[in-house]
Amino acid sequence: MDYKNAGVDIEAGYKSVELMKEHIKKTMRPEVIGGLGGFSGAFSLEKIKEMEEPVLLSGTDGCGTKVKLAMVLDKHDTIGIDAVAMCVNDIACAGGEPLFFLDYIACGKNEPEKIAAIVSGVAEGCAQSGAALIGGETAEHPGLMAEDEYDLAGFAVGVCDKKDMITGEHLKEGDVLIGLASSGVHSNGFSLVRKVFDMSRESLETYHECLGCTLGEALLAPTRIYVKVLKTIREAGVTVKACSHITGGGFYENVPRMLKEGTHAVIRKDSYEVPVIFDMLAKEGDIEEHMMYNTFNMGIGMVIAVDEQDVEAALSAVKAAGDKGFVIGTIQAGEKGVTLC
């Protein structure tokens, strides 16, 4: 009896690491020390000394049950972008710059090519956000997970000068809410999505004219990463007073998190066009409107609040970054919360 007979293939693990390296290389930053292969990832903090009062920010998350779609479709090269996005977007939401990322993959059986495909997506997400992929872990769990199953999670660390943190403390009545377009369902609500749609490969590979793609392509579309656009807005001289990443809990849970006491967000649902995939979900699942906005991002992945005089500059910066932005509402005086009308 040996470890391989027990279900853990050490040689497959070595091969996975070799296949990953070409993808990981493109995420390297000058601050990374020692490269891969050590027991820990090392990252120099020399540049942070230039900040007046540096604050470390962190985020950890996974992709939820969206990984099930990747398994059904046997397409694993984008789910890693989702894992990175869920972490770095939270850091960017606080005004931070993501520095580095680590991933964790648990699988029933280590298939090196599949693991490398997953990590290629992680590396792409890191490249989009400017974070270095400095380490990770792939763990085989025979007997705990089926051979063809896996789960993916990650952890990111970022930094921000305290004076530049986005806290919502300077929000006032009359400030304007700008919604940044999502790329689709992102990585939340998939337990409900999987109840609404048939999750067979045949169903997911069916082309829908209204979507302009297959159902699977629409649902697997990677979570948009907002690090670049928020940086572009900041470099345009616009102060983002408050920011909310629209994840699990949709608008009703996440928008109030960006507000200070005594302020209330009012969002107009007709201020932008809701993507077709959400209309399909509501119709096929007979999901009432409040639940849709309480579960999904409904086409808006990030909400920012800016001064009324900065609206045009902010929208121009969003466009320059290759994203889409919409004026979706305002801040009013009142009880902390959100009204969708």
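In this predicted model, Thr27 has a relative accessibility of 4% and therefore counts as buried, the limit being under 20%. Thr27 belongs to the loop that connects helix H1 (10–24) with strand S1 (32–33). When neighbours within four places in sequence are set aside, the residues in contact with Thr27 are Ala123, Cys126, Ala127, Ala131, Ala132 and Leu133.

Ala123, one of the residues in contact with Thr27, is part of helix H4. The relative accessible area of Ala123 is 0%, so this residue too is buried. Residues up to four places away in sequence being left out, Ala123 touches His23, Ile24, Lys26, Thr27 and Leu133. Between Ala123 and Phe101 there are 22 residues in sequence, and their C-alpha atoms are 9.4 Å apart.

Helix H4 (residues 112–129) lies across S4, S5 and strand S6 (150–161), and its direction makes an angle of about 165° with S4. These strands belong to an open sheet of four strands, ordered S3-S6-S4-S5, in which the pairing is mixed. Strand S3 (54–62) and strand S5 (132–140) form the edges, each pairing on one side only. On average, and with direction ignored, neighbouring strands of this sheet are turned by 15° against each other. Strand S4 (residues 97–107) and S5 run parallel and are joined by eight bridges. Within S5, the residue opposite Asp103 is Gly136.

The domain assignment divides the protein chain into domain 1 (3–164) and domain 2 (175–340). The centres of the two domains, taken over C-alpha atoms, are separated by 25 Å. Contacts between them involve 26 residues of domain 1 and 28 residues of domain 2. About 2300 Å² is buried between domain 1 and domain 2, and 69% of this area is on carbon and sulfur atoms. Of the area that domain 1 buries against domain 2, 27% is supplied by Lys66, Leu69 and Leu73, more than by any other three residues.

A second open sheet consists of six strands in the order S10-S12-S7-S13-S11-S14, again with mixed pairing. From one strand to the next, the twist averages 25°. Strand S7 (residues 176–181) pairs with strand S12 (residues 300–306) in the antiparallel sense, over six bridges. In this pairing, Val176 stands opposite Val306 of S12. The pairing of S10 with S12 is likewise antiparallel and extends over four bridges. There, Ser244 has Val303 of S12 as its bridge partner.

Side chains in a regular strand alternate between the two faces of the sheet. In S10 both faces are covered, with Ala242 and Ser244 buried on one side and Cys243 and His245 buried on the other. Helix H3 (residues 79–93) lies across S10 and S12 and runs at about 165° to S10.

The largest nonpolar core comprises 95 residues, and those with the most contacts inside it are Phe197, Leu219, Leu230 and Phe251. Helix H3 gives the most to this core, contributing ten residues. Because domain 1 (3–164) and domain 2 (175–340) both give residues to the core, it lies between them. Residues up to four places away in sequence not being counted, Phe251 touches Ile246, Pro256, Ile267, Tyr272, Tyr293, Phe296, Asn297, Met298, Ile300, Val338 and Leu340. Apart from this core lies another, of nine residues, including Phe100, Ala132, Ile134 and Val159.

Leu230, named above for its contacts inside the largest core, is located in helix H8 (residues 227–235), where Val227, Val229, Leu230, Thr232 and Ile233 are buried. Just after H8, Gly237 adopts a positive phi of about 90°.

Conventions. Residues are numbered from 1 along each chain as its sequence is written. This is a predicted model: local features need pLDDT of at least 70, side-chain atom pairs count only at pLDDT 80 or more; totals for chains, interfaces and linings use all residues. Side-chain values use heavy atoms; hydrogens and water are left out. Two strands pair if DSSP finds at least two bridges between them. Helices (H or I, at least four residues) and strands (E, at least two) are DSSP runs, numbered from the N terminus. Axes are lines fitted to C-alpha atoms, for helices over the stretch in contact, and angles run from 0 to 180 degrees between N-to-C directions. Contact means heavy atoms within 4.5 Å. Buried means under 20% relative accessible area, exposed over 50%, partly exposed in between (1.4 Å probe, protein chains only). A nonpolar core is a set of buried Ala, Val, Leu, Ile, Met, Phe, Trp, Tyr and Cys residues joined through side-chain atoms within 4.5 Å. Domain bounds come from an automatic or database domain assignment. Buried area is the accessible area (1.4 Å probe) that two parts lose on being put together, summed over both.
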